[in-house]
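Please read these notes with the structure open beside you.

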Amino acid sequence: MSEPLLSVEGLRVSFPGKGWRAPEHEVLHGVDLHIEAGRTHGLVGGSGSGKTTIGRAILGLVPVAGGSITFDGRPIHAAGARQRRRLSRDIQVIFQDPFTSLNPSMTIGDTLAEPLLAQRLSSREARSRVAGLLDDVALPADAMDRLPREFSGGQRQRIAIARALAIGPRLIVCDEPVSALDLTTQRTVLDLLQEVQRTTGVAYLFVSHDLAVVRHVSDVVSVIRRGEIVESGTAVQVTERPQHPYTRRLLLSAPVADPAAQRVRREAYRREFAGTEA
Amino acid sequence: MTESLPALTEPAGAAAPHVPAVRRGAFRRLVRNPLGLVAAVVLLVVVVGAAAAPWLTTHAPDAADLRSAFGPSAPGHPLGLDSAGRDIWSRLLFGARNTLGGALLALAVAMVLGIPAGLVAGYAGRWFDAVSGWVVNLLMALPAMIVLLAARAIIGPTVWALMIILGVLAAPSFFRLVRGIVVNVRHELYVDSARVSGLPPWRIIGRHVLVVVRAPIIIQISLVAGVALGLQAGLEFIGVGSSSDLPTWGGMLNEGFQFVQRDRTLLLWPGLALGLTSAALVLLGAALRDVLEDRGTDPVVRRRDRAAQRAVAPAVLDGKAERSPLLSIRSLAVSYALPDGSQREVVHEVDLDVRPGEVVGLVGESGSGKTQTAFSALGILPSGGRVSRGSIQVDGQEVVGLSAASWRQLRSHVVSYVPQEPMSNLDPSFTVGSQLVEPIRAATGASRAQARERALGLLRSVEIEDPERTFRAYPHEISGGMAQRVLLAGAMACNPRLLIADEPTTALDVTVQAEVLEVLRRLQQERGLGVLLVTHSLGVVADLCDTVAVMQDGRIVESGPVDQVLTAPREEYTRRLLAAVLDEGQPPTVAAGRADEGER
């Protein structure tokens, strides 16, 4: 097997405690992840499990307390500002909330040009590239001069995808990219992400609380709980033959849209977990 | 010092090049605001008068002619002459230069110190934030007037030095404003995105942060300018400002005060100038706030609403099916008043019944009108919204147009509500227990001890393991799932027969959702509750509901028993919704099949 594009080994992240000289609060206790180039690695867990923090550590948005993150053979967990700026060409992000991830007072064109200008493109080059990006995510070209508030949640998430794609990254951290969207919109945005992967060969770290979504898009799935990976394997393995009780609990507690099947699932859930805490 | 005068308009002007479109729109709105227009005109007149002083009068401000002291207004001396025979009009004009100049100097010092420090402290934080925080607290603890008097005693009567000190003392007001906003913006996802895009910090501040602090700074400028003007004039008035021959409004007031018995107009003119300018600054600040933060039109709309609220078109009920005794909605329309006075209908012709002991799901995507329908049945439509047509019966009683008091009665005996965001529906400053006990006492008149017993019983009924501890806990000490159980317990407090739940599990983890749904199901079965469950999740509908209504664009497109609608939908839209569910193709029992697997 080839060298993974991104390797996370023994990653620890702590946040300062509240108050003067309060002890630090560790949220990731030694996490391992390996993401192959061009593949999708799903990361699923409940709220407070630390799944978002892993993504933010990879992006350099939270300091790493221990362990290593290696991208393309180079350690990046202690990257300085200059190396980070270079890395921004390779690693990008799509956030959950399409309403706060776009600056409300900047036009779509300005937002999309931002990463291009940061990479020292001329504004004319940037503008023509932005037009191409809007086309890639199936938004009209006149979107360039409009403000985020004129777009729906799904459209905004397309804009966020376009921004992440702007400088041709090799890895995109998708932090709950469809959680704020309606069911039908969710589907089209996931389809767009998969199509982008087919055409550009980008790898995704796909962070979500929704096992169904993760199963739908991922090649490999890791389940995280309280700052530790409890189970990792191919999507089929993890979602059809779950080994860890927490994974089974996740699967059994997600209701399905078929009443008869849901009755069966509910019975199984009760047999296994009735009266226990998640 | 004249060169500092145009600086009064500088902040707005300086901000203009960045986003001309936004600023121009704001300026137009400011001019349309009557108070803003008057204030701006007054300030403009004062500034132009000060700048053009040499051309507006032929007399030097300090040209004294003792023979004509206290002279009346005459050609060439429009406002008369003062105690030393100096032209009052000329002194007012030149005094404006010194008075405004002093205030502007203080303002400029305050901005130069406060704004950059606030930006750095808010954006970079760490030690700079801590140190500047101490310094600012120290400065704010100092009484400005006393410091200024002490400074005057030490460095002598130079108004400019005193104004610089005043500027330093006023800097915290800008610092705190800017820092507070920047700290919030710093955590916005779009700032994170910019960092990931590789933008250096100074460009992030320039592009994303300054835009947000611009409007509050402009507002603050006009307020601080008013304060600086007042303090400056106050110093001059008590005679500790400049040396006496420099004309200032405060100095003129001082002189007028000495001769108030002889000629009252000496007091009138500088007082009028000061009062008008200060008032204009304060009013401009208020108008800017309205314009830049988009306020001010609300009350008008609301008043119009209230009048419209009373007019509900009666529903045409002929031929509609028999109505349920618990909740029955017929031909419901919900409308919202738009700012221009027109109405927009967001729910059209909705018919819905909830029978006792029945769980009805109301599904749809965002904006489909499902929450508006539920809110109408609770009488809690947000302001601007109203039931514009149709009939809603709760427990056989028509509730459209019901008075607030009757609604309270209904809500504390028949119908209960479980909201979507459990945490934001608990008051963080009271314990869980007191938030349960108060409504119970209000509804039943029970004693404190009885209500407490009842609240503990309710907490037990929603399967909270240690009810005593939860009872004593504050909302931040319990989890989201626990908070939702508490709200469920609260909803059961008045033994309702109808429960309306708006996305009760959407904010919860899927594992917690399963637990809360179990609790809800048990409560519903034990008490024979009728439930209207608003949700976007077809899985939740399949899990809990007996019948379901599918909403799209404010209409119910399909309704019927859950088994039929979810497995053999008749409508295209329902099929599309079901197709978007990502579980398709996956036998959902796979996960449940571990027991079988073990046998293999």
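1. Helices here are DSSP runs (H or I) of at least four residues, numbered from the N terminus. By that rule Gln157(A) belongs to helix 5 of chain A, which covers residues 153-165. Keep in mind throughout that this is a predicted model.

2. Is Gln157(A) buried or exposed? Gln157(A) has a relative accessible area of 0%, and the cut-off for buried is under 20%, so Gln157(A) counts as buried. Leaving out neighbours within four places in sequence, its contacts are Ile94(A), Phe95(A), Gln96(A), Pro98(A), Pro177(A), Leu181(A) and Val189(A). For Pro177(A) there is a further detail: its backbone oxygen lies 2.6 Å from a polar atom of the Gln157(A) side chain.

3. Next, how far the prediction can be read. The predictor gives the complex an ipTM of 0.84 and a pTM of 0.76. For chain B the average pLDDT is 82, and 87% of the residues score at least 70. Residues 1-23 of chain B have a pLDDT below 50, although the model gives this stretch 26 contacts beyond near neighbours in sequence. Residues 584-600 of chain B also have a pLDDT below 50, with 18 such contacts. Where pLDDT is low, the predicted coordinates should not be read in detail.

4. Chain B as a whole has 24 helices and ten strands. Of its 600 residues, 51% are buried. Among contacts in chain B with a separation of 6 or more, 70% are between residues 24 or more positions apart.

5. An unreviewed UniProt entry annotates residues 34-56, 100-122, 134-154, 160-178 and 267-288 of chain B as "transmembrane region". Two of these spans can be compared with the model. Residues 100-122 of chain B are 100% helix and 0% strand, with 31 Å between the end C-alpha atoms. Residues 134-154 of chain B are 90% helix and 0% strand, and there the end C-alpha atoms are 26 Å apart.

6. Elsewhere in chain B, Val437(B) sits in helix 16, residues 432-444. Val437(B) is buried, because its relative accessible area is 6% and the limit is 20%. Apart from residues up to four places away in sequence, Val437(B) touches Ala451(B), Arg452(B), Ala455(B) and Phe471(B). The C-alpha atom of Val437(B) is 9.1 Å from that of Glu453(B), which is 16 residues away along the chain.

7. How many residues does each chain give to the contact between chain A and chain B? Chain A gives 66 and chain B gives 53. The buried area is about 5300 Å², and carbon and sulfur atoms give 55% of it. On the side of chain A, Glu114(A), Leu183(A) and Ala257(A) supply 11% of the area buried against chain B, more than any other three residues.

8. The polar side of this interface comes to 17 residue pairs in polar contact, with both residues at pLDDT 80 or more. Several elements of chain A give two or more residues to the side that touches chain B, including helix 3 (108-118), helix 6 (183-200) and helix 10 (259-273). Helix 10 of chain A gives the most, with eleven residues.

9. Side chains of opposite charge can pair when their charged atoms come close. There are 33 salt bridges over all chains, and the count between chain A and chain B is six. In one salt bridge Glu114(A) pairs with Arg207(B), with 2.8 Å between the closest N and O atoms. A network of salt bridges links Arg266(A), Glu267(A), Arg270(A), Glu518(B), Arg521(B) and Asp543(B).

10. Arg270(A) is partly exposed at 29% relative accessible area, and Glu267(A) is partly exposed at 39%.

11. Glu526(B) forms a salt bridge with Arg522(B), and the closest N and O atoms are 2.6 Å apart. Being four residues apart in helix 20 (residues 510-527) of chain B, Glu526(B) and Arg522(B) are also separated by about one helical turn. Glu526(B) counts as exposed at 54% relative accessibility, whereas Arg522(B) is partly exposed at 25%.

How values were computed
Residues numbered from 1 in each chain as written. Chains lettered and ligands numbered in written order. Heavy atoms only, no water. Buried < 20%, exposed > 50% of the residue type's maximum accessible area, 1.4 Å probe, protein only. Polar contact = N/O pair within 3.5 Å; in protein donor to acceptor, adjacent residues only side chain to side chain. Contact = heavy atoms within 4.5 Å. UniProt positions renumbered as here; feature names shortened; annotations may be inferred. pLDDT = per-residue confidence, 0-100. Buried area = accessible area lost by both parts, 1.4 Å probe. Salt bridge = Lys/Arg side-chain N within 4 Å of Asp/Glu carboxyl O.
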